[in-house]
Amino acid sequence: MKKYTLEFKVNGKKYSVEVKPNVTLLRLLRSMGFTEVKSGCEKGDCGTCAVLMDGEPVNSCLTLALQAQGKEITTVKGLGTMEKLHPIQEAFVKYGAIQCGFCTPGMLITAKAFLDKNPNPTRGEIREAISGNLCRCTGYQKIVDAIEAAAKKIREARQWK
Amino acid sequence: MRPTSVILADFDYSAPKSLQEALREKKERKGAYVLAGGTDLVPKMRGQVVKPVHLIDISGIKELDYIEKQGGQVRIGAATKISRIIDSKIELGILQEACKKLGNPLTRNKATIGGNLCNASPAADTATPLMVLDAQLVLKSIDGERVVPVENFFLGPGKTVLKEDDILTEIRITPPENGAKAKFVKVGLRKADAISVVNCAVLLKIQKGIVKDAKIALGSVAPTPILAKEAQKALIGNKLSEELVEKCAQIAAKEAKPIDDVRGSAKYRVLLVEGCVKKALRELMEA
């Protein structure tokens, strides 16, 4: 099968890779070492594979790698580092929103994009926003708490700018 | 780089930059499938339900991604994302309500209105709203174009009137006049990320308390989305009342021809149709 050149950015860095058309973005990213992007259902129901593509959260399992041509991908590692966690990552740790951690990368990606659009959400709006991200451990309550708290922290930080 | 694991069978791929190019390719490459968001196609390919030898990716064609007013109509490009329709400042009423219930927030960022229609599931959430809005679909090939009313577009589960060389390019809606109101009701096995067990779209034009026109579209209860024509007739010329609402809902339930499947039994669906139509009509009565 023919290979094509894919040129794209991941977490701010440029990459050029030869890839077959039948490879999904999820599988490509993991093979490139971005194993923080998780494989769950690989059919768009669980959300653990979520990445930002040009700022929008999408299921990487439903995206062909070649559809990332010229795009900027952000994985959860692009949100923050151990030295400087993103406020949402910090809140997830503080509020006990992480148990096994498998849904967490997808949750953080979805939450980040959601708070960019809706900085002052109600709890109902948060629940709706994460309705494409399944968690089998936490029962969602603490995830909602964390996103609500992070939203507040981000709003307050903006006030001081 | 570690080896990727292959989920999908071999196929070739192209990403034309213009509609003309896409139409040419659709004619030249026999057996090619059109890819937009991939939210239905990629899972189908993974499950080997379909085995395209070539994918023509139209997701990057700007000329297919728009929502604009033109001569009293609203025209939507077939590759317009569901999320874009939801966020649109142009009032699309019942279509926007249905789009909010399609899939989940992540899939809505890739799924397209054209894809939802061409996938032709009887459960398609955009189909029933477009039927009550009398939407017209523009089908183009390199040799010409034709306009098809949405209610004539579906032939059966997964089957449409699209010919080998055709690509669906545009959805045209004439927004209902003032005084018309519409409601979409969806029942799924979950509150989100659910395929409709039953969905219904109802549009009423009421003048001086009398129903002048009524459209009732039902999803997931026949091989295609359908209009409940007898239930519609029962409303026209009459004043809405609780008795009329119940009568109409019962007629609609009889027009439904569902089957048993993984999401529900035929019996259950018939009950749901009655319930959904009643709910929609009651809410419109109160509005």
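Reader: Why is B:Ala231 called buried?

Author: Buried means under 20% relative accessible area, with over 50% exposed and partly exposed in between, for a 1.4 Å probe on protein chains only. B:Ala231 has 0% relative accessibility, so the residue counts as buried. Bear in mind that this is a predicted model, where local features need pLDDT of at least 70 and side-chain atom pairs pLDDT 80 or more, while totals for chains, interfaces and linings use all residues. Side-chain values use heavy atoms without hydrogens or water, residues are numbered from 1 along each chain as written, and chains are lettered from A and ligands numbered from 1 in written order.

Reader: Which residues does B:Ala231 touch?

Author: Leaving out residues up to four places away in sequence, B:Ala231 touches B:Ile216, B:Cys248, B:Ile251, B:Ala252 and B:Glu255; contact means heavy atoms within 4.5 Å. B:Ala231 itself sits in helix α7 (residues 229-235) of chain B. Helices are DSSP runs of H or I with at least four residues, strands are E runs of at least two, and both are numbered from the N terminus.

Reader: What makes B:Arg269 buried or exposed?

Author: Its relative accessible area is 2%, so B:Arg269 is buried. The residue belongs to helix α9 (residues 266-286) of chain B. Beyond its neighbours within four places in sequence, its contacts include B:Ser196, B:Val221, B:Asp261 and B:Arg263.

Reader: Over to chain A. How do you know which strands are at the edge of the sheet?

Author: Two strands pair if DSSP finds at least two bridges between them. The open sheet has 5 strands in the order β2-β1-β5-β3-β4 (chain A), with mixed pairing. β2 (13-19) and β4 of chain A each pair on one side only, which makes them the edge strands.

Reader: How many bridges join β3 to β4 in chain A?

Author: There are 4 bridges between β3 (residues 50-53) of chain A and β4(A), and the two run antiparallel. Within this pair, A:Val51 stands opposite A:Val58.

Reader: How do you know that helix α3 of chain A packs on the sheet?

Author: Helix α3 (residues 104-117) touches β3, β4 and β5 (72-74) of chain A.

Reader: What kinds of residues line the second largest pocket?

Author: The lining divides into 10 nonpolar, 9 polar and 10 charged residues. Ala, Val, Leu, Ile, Met, Phe, Trp, Tyr, Cys and Pro count as nonpolar, Asp, Glu, Lys and Arg as charged, and the others, Gly among them, as polar.

Definitions and conventions: Axes fitted to C-alpha atoms, helices over the stretch in contact; angles between N-to-C directions.
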